[in-house]
Amino acid sequence: MARLTWDNTGERLYETGVDHGVLFIPDGSGDYTDGVAWNGLTTVTESPSGAEATALYADNIKYLDLRSAEEFGATIEAYMYPDEFLQFDGVASPSPGIAVGQQSRKTFGFCYRTALGNDIDGSDYGYKLHLIYGATASPSEKAYATINDSPEAITFSWEVSTTPVAAGGSLKPTSQLIIDSTKVNATNLASLEDTLYGESGNPQLPSPADVITLLTGGLTTVDMGDFANQPSYSSGTHVVTLPAVTGVTWKINGVDASSGAQPAMSIGETSEVTAHAAAGYILTGDVDWVFNY
């Protein structure tokens, strides 16, 4: 083994910046099947907590340390937020332009990107994708000040806590995944970004298990943009038909539904159909449809 050396050319790495923020909205099943761009993102401060040691003593010596469960939290700061974020900030909108505070706070997903730099390529060396699951935002202070000779834009800030979700396999549940663009397969990473940013359908945040499988090349893609894979509706019989597609499961109004013709809709009824990926599959294209009678 060669002697250790420090600060070699190309190995002077650093991390900087934050961009490409996306807010992901869960459907009735808790899957993050739609996303919107978060403009004006300025800072994301990650604040993990827990993992505190409790010392145990035996035989007049320190026997071992027990660690408490670790939690992930963060602070999001931005000059502005998407309109869709209001529902996650405890605000309801009964009519366009009207905001009602102190409402229930919903769970959301979030992703952002940080730049990786080195002494050769600068901040163009690479980047890290940060994927956040099971997030809820706490009420935050907003300071409005008069416009003066040194005007400043208001910076909004939200404290975020998370509830871990299943990570698959032997991994413990997690609220955060970090993907290093310089270390994963570029083709698989491009497929993940196509899904996150809505290259060919709704922007979606895959589960941690699906992200890991996708980046290791183990997922099969189902193109929901193919008309044969989409549900159909007969205006004559008012029947929704769900096609049998390998790797796809269906829900209507949040309830599991089998493929084939569904019961005829009644007058005034709405059927919200969502497609979900079975284990080992990932869906591209639109994954939700609404039919009205």
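Strand S6 (residues 61-67) gives the most to the patch, with three residues, while Leu56 has its place in strand S5 (residues 53-58). Strands (E, at least two residues) and helices (H or I, at least four) are DSSP runs, numbered from the N terminus. At 33% relative accessibility, Leu56 counts as partly exposed; buried means under 20% relative accessible area, exposed means over 50%, and partly exposed is in between (1.4 Å probe, protein chains only).

A word on the ground rules: residues are numbered from 1 along each chain as its sequence is written, and side-chain values use heavy atoms, with hydrogens and water left out. Since the model is predicted, local features need pLDDT of at least 70 and side-chain atom pairs count only at pLDDT 80 or more, whereas totals for chains, interfaces and linings use all residues.

Moving inside, the largest nonpolar core has 21 residues, and Trp38, Leu41, Phe85, Phe108, Phe110 and Trp158 touch the most other members. Two or more residues each come from strand S1 (14-26), strand S3 (41-46), strand S8 (73-78), strand S9 (108-118), strand S10 (122-137) and strand S11 (156-162). A nonpolar core is a set of buried Ala, Val, Leu, Ile, Met, Phe, Trp, Tyr and Cys residues joined through side-chain atoms within 4.5 Å. Phe85 shows who meets whom: leaving aside neighbours within four places in sequence, Phe85 is in contact (heavy atoms within 4.5 Å) with Leu23, Trp38, Phe108, Ala137 and Trp158. A second, separate core of 19 residues includes Phe24, Tyr32, Leu219 and Ile282.

Ten of its eleven residues are buried, so S9 is largely enclosed by the rest of the structure. S1 and S9 run antiparallel and are joined by seven bridges, with Val22 standing opposite Cys111 in S9. S9 and S10 also run antiparallel, this time with nine bridges, and Leu116 stands opposite Gly126 in S10. The link from S9 to S10 is a hairpin through three residues. Two strands are taken to pair if DSSP finds at least two bridges between them.

Elsewhere, three strands form an open sheet in the order S14-S15-S18, with antiparallel pairing. Strand S14 (232-234) and strand S18 (260-261) stand at the edges, each with a single partner strand, so one side of each has no neighbour in the sheet. Three bridges join S14 to strand S15 (residues 239-242), and Thr241 in S15 is the bridge partner of Ser232.

Next come the charges. With a salt bridge taken as a side-chain nitrogen of Lys or Arg within 4 Å of a carboxyl oxygen of Asp or Glu, the count comes to six. One of them joins Lys128 and Glu15 (3.5 Å, N to O). Lys128 lies in strand S10 and Glu15 in strand S1, so this pair ties together parts that are 113 residues apart in sequence. Both count as partly exposed, Lys128 at 21% relative accessibility and Glu15 at 41%. Asp65 pairs with Lys62, the closest N and O atoms being 3.2 Å apart; Asp65 is partly exposed at 34%, as is Lys62 at 46%. In a further salt bridge, Lys251 meets Asp256 (2.5 Å, N to O), and here Lys251 is buried at 16% but Asp256 is exposed at 61%.

Most residues other than glycine have a negative phi. Asp7, though not a glycine, has a positive phi of about 60 degrees; Asp7 is found in the segment before S1 and is exposed, with a relative accessible area of 55%. Asn60 is not a glycine either and has a positive phi of about 65 degrees. Asn60 is found in the loop between S5 and S6 and counts as exposed at 83% relative accessibility.
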